[in-house]
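Please find below a note on the model under review.

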Amino acid sequence: MKSPFLQEMTGSEPLTIEEEYEMQQTWRTDDDSKYTSLNKPCMEYTQKPQAKKYLIYHVECTFIVLAKPQPDDDNNVFDSSRMIGDVNFYLNNVYNPHEAELEVMIAEDGCSGKGVATEVLQLMMHYAVHDVGVTDLVVRIKESNAASIHIFEQKFGFTETERSKAFQEVTLRRTITDELRAEMKLWVKHATRVDYVRA
């Protein structure tokens with residue numbers, strides 16, 4: 001990702017696909033991260049002595065977004081030239097461990113505005129809800145990033161709950177309802193889950 005605008009909007013640094021996969025592997029093996037269940041806290045937090053303990057869940061999940069392979073390509077998922085962005089979620093709310101904070105970035109200019117962000121967000125949200133047990137979704141977006149705000153408000157029904165002048169940021173939220181769960185099934189109707197492991 002070489003676009004200064006995207007780096008500013010996402011607070012990101014450019015990484016190669018190898019670095020992205022290495023970061024994911026680190027998250028998977030980090031003792032502070034739990035990927036299989038929200039019932040396993042990574043640490044406990046106590047506000048005051050003898051007060052109720054809050055369980056802190058620290059989960060980071062990243063999907064690397066690859067361009068579709070060309071007809072003559074071998075569909076190599078470790079080919080850096082195919083990486084066009086990523087979509088992430090974090091479980092980092094002390095008071096609601098079932099809330100996922102979402103982020104999406106499509107870094108290649110030729111791939112933006114084509115519905116890629118919407119499609120990968122659908123897959124990530126479905127995974128977060130059905131595999132991890134997320135019940136609430138939140139995004140924090142720079143006020144100047146009108147395209148991202150539009151996606152979450154118009155396509156996914158998020159509503160604004162906060163606005164930070166200090167960070168020039170908008171917070172949008174969406175609670176998972178039965179209606180949204182039914183809609184999610186349609187999102188992944190034609191998707192196929194494949195686990196990739198480097199040989």
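Predicted model: local features only at pLDDT ≥ 70, side-chain atom pairs only at ≥ 80, totals over all residues.

1. Residues are numbered from 1 along each chain as its sequence is written, and side-chain values use heavy atoms, with hydrogens and water left out.

2. The chain contains five helices and eight strands, arranged along the sequence as α-α-β-β-β-β-β-α-β-α-β-β-α. Helices (H or I, at least four residues) and strands (E, at least two) are DSSP runs, numbered from the N terminus.

3. Of the 199 residues, 37% are buried, that is, under 20% relative accessible area with a 1.4 Å probe, protein chains only. The chain exposes about 12500 Å², with carbon and sulfur atoms supplying 48% of it; the areas come from the Shrake-Rupley method with a 1.4 Å probe.

4. Contact means heavy atoms within 4.5 Å. Among contacts between residues at least 6 apart in sequence, 56% join residues at least 24 apart.

5. The axes of helix H3 (residues 116-132) and helix H4 (residues 146-155) come within 11 Å and cross at roughly 55°. Axes here are lines fitted to C-alpha atoms over the stretch in contact, and angles run from 0 to 180 degrees between N-to-C directions.

6. At this crossing, Ala117, Thr118 and Leu121 of H3 meet Ile151, Phe152 and Lys155 of H4. By class, the contact has four nonpolar, one polar and one charged residues.

Technical notes:
Buried < 20%, exposed > 50% of the residue type's maximum accessible area, 1.4 Å probe, protein only. Nonpolar A, V, L, I, M, F, W, Y, C, P; charged D, E, K, R; others polar.
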